[in-house]
Amino acid sequence: MWTAILLGALGVYLLKLVGLLVPRSVLEQPRVEEVAALLPVALLAALVAVQTFGAGHQLVLDARAAGVAVAALAVLLRAPFLLVVALGAGTAALLRLLT
Amino acid sequence: MTDQDWRRTRRAVLSDAAGVGVAVGALGLSFGALAVLAGLSVLQTCALSLLMFSGASQFAVVGVLAAGGGALTAAATATLLGVRNALYGLNLSSLLRVRGPGRLGGAQLVIDESAAMALVRDEPRQARLAFWATGVAVFVCWNVATLAGALGARVLPDPEALGLDVAAPAAFLALLAPRLRNRRLWAVAVAAAATALVAVPLLPSGLPILVAGLVAVVAALLGGGRGTNRGATGGTDRSPAGGNDGAARSGAVAGDGAARGAAGGVGGDRDGVGADGGGR
């Protein structure tokens with residue numbers, strides 16, 4: 001297990017460092033800039049989707065979807081960050097308590 | 001910006017950072033508990049949070065080991081999931097302008113949350129503060145929560161009963177929403193989410209996120225690179241505005257401004273991207 005932990009940690013750290021070390025001239029190409037602007041949107045959207053509907057290798061519709069839907073509503077109503085998270089988690093917890 | 005404005009902004013940034021730290025901490029509790037329940041020692045669990053410090057990669061390590069995967073598979077999966085951190089770093093390097101040892105330490109703080117918080121700020125000083133404040137807040141909360149979760153694994157109520165598994169997607173949603181400033185960004189978000197979901201049953205866990213990242217690359221190649229000779233493909237994804245595109249481009253040719261100049265000409269459809277890049 002220590003092999004997995006130390007090797008994995010080293011790999012992840014080096015990737016973080018490499019990103020910071022790449023020369024700025026690479027970034028100044030418009031297409032790279034474009035990718036860089038779109039990438040966080042794509043990754044965040046994918047993270048939300050997978051963490052809401054993914055369960056191992058299956059897609060499921062459960063209390064998480066309801067929680068995230070309530071969180072999305074709170075975001076639309078411009079609720080503060082922590083309230084968004086609390087409402088999402090609370091909704092899922094409540095649904096699980098009731099079912 | 002006056003000193004008073006800056007003080008107000010600084011307070012807002014710091015309170016956002018603390019908020020993100022607490023929200024992520026909630027997830028750290030469930031990570032600590034899950035890792036111990038999967039068979040890691042408390043020390044191993046804490047080492048993961050301290051050394052790897054990237055939630056998705058850590059969950060992947062625990063998941064692979066718990067499912068009987070080998071050490072190398074676990075390490076490789078974690079590393080692959082960390083690729084997005086390199087891309088964040090690429091985005092952040094011009095913003096942070098850290099040198100020497102500061103960069104070695106700063107690198108460890110390059111994660112989803114610190115990158116997202118920094119990259120939504122257009123002004124460099126705010127962005128740097130947002131990065132460091134969020135990075136440090138999340139690092140402290142994540143590690144304390146990991147320890148608490150690991151120690152409390154057997155006494156804590158089921159993290160799912162508390163809805164803690166929804167804390168992460170809800171937080172990511174709150175980070176995503178302010179970025180969806182135009183139809184193109186919405187389209188990328190929806191396409192990326194759909195791609196990731198389609199990939200879930202087909203690929204090892206973690207990879208669907210990376211595949212969704214390719215959606216951003218494809219979208220950028222189809223619609224981007226306006227400074228170059230790509231007129232034929234450049235107009236296809238926005239046919240109503242296609243006629244405008246060429247005119248706008250010829251008006252703003254040189255260098256860095258070209259992409260944004262053209263963007264402005266397309267009925268403001270890409271204003272968000274332009275503004276986003278403008279701060280850097």
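**Close-up 1. Asp16(B) pairs with Arg121(B) in a salt bridge, with 3.2 Å between the closest N and O atoms.** The term salt bridge here calls for a side-chain nitrogen of Lys or Arg within 4 Å of a carboxyl oxygen of Asp or Glu. Asp16(B) sits in helix H1 of chain B and Arg121(B) in the loop between helix H7 (112–119) and helix H8 (124–151) of chain B, so the pair ties together parts 105 residues apart in sequence. Helices are DSSP runs (H or I, at least four residues), numbered from the N terminus. Asp16(B) is partly exposed at 33% relative accessible area, while Arg121(B) counts as buried at 17%. For these words, buried is under 20% relative accessible area, exposed is over 50%, and partly exposed is in between (1.4 Å probe, protein chains only).

A quick word on what you're looking at: this is a predicted model, where local features need pLDDT of at least 70 and side-chain atom pairs count only at pLDDT 80 or more, while totals for chains, interfaces and linings use all residues. Residues are numbered from 1 along each chain as its sequence is written, chains are lettered from A in the order in which they are written, and side-chain values use heavy atoms, with hydrogens and water left out.

**Close-up 2. Asp5(B) and Arg8(B) join side chains in a salt bridge (3.7 Å, N to O).** These two are three residues apart in helix H1 of chain B, so about one helical turn separates them. Asp5(B) is partly exposed, at 31% relative accessible area.

**Close-up 3. Over in chain A, Asp62(A) and Arg64(A) form a salt bridge, 3.2 Å from N to O.** Asp62(A) is partly exposed at 33% relative accessible area, but Arg64(A) is buried at 9%. The count over all chains is five salt bridges.

**Close-up 4. Val24(B) is a buried residue, with 9% relative accessible area.** Val24(B) belongs to helix H1 (residues 3–37) of chain B. Skip residues up to four places away in sequence, and Val24(B) touches Glu113(B), Val138(B) and Trp142(B); contact means heavy atoms within 4.5 Å.

**Close-up 5. Phe81(A), Leu48(B) and Leu92(B) touch the most other members of the 92-residue largest nonpolar core.** Helix H3 (residues 30–53) of chain A gives this core its largest share, 13 residues. A nonpolar core is a set of buried Ala, Val, Leu, Ile, Met, Phe, Trp, Tyr and Cys residues joined through side-chain atoms within 4.5 Å. Leaving out neighbours within four places in sequence, the contacts of Leu92(B) include Leu20(A), Val110(B) and Phe131(B).

**Close-up 6. Chain B and chain A bury about 7100 Å² between them, 77% of it on carbon and sulfur atoms.** Buried area is the accessible area (1.4 Å probe) that two parts lose on being put together, summed over both. Chain B brings 98 residues to the contact and chain A 65 residues. Two salt bridges are counted between the chains. Arg96(A) and Asp165(B) meet in a salt bridge too, at 2.9 Å from N to O.
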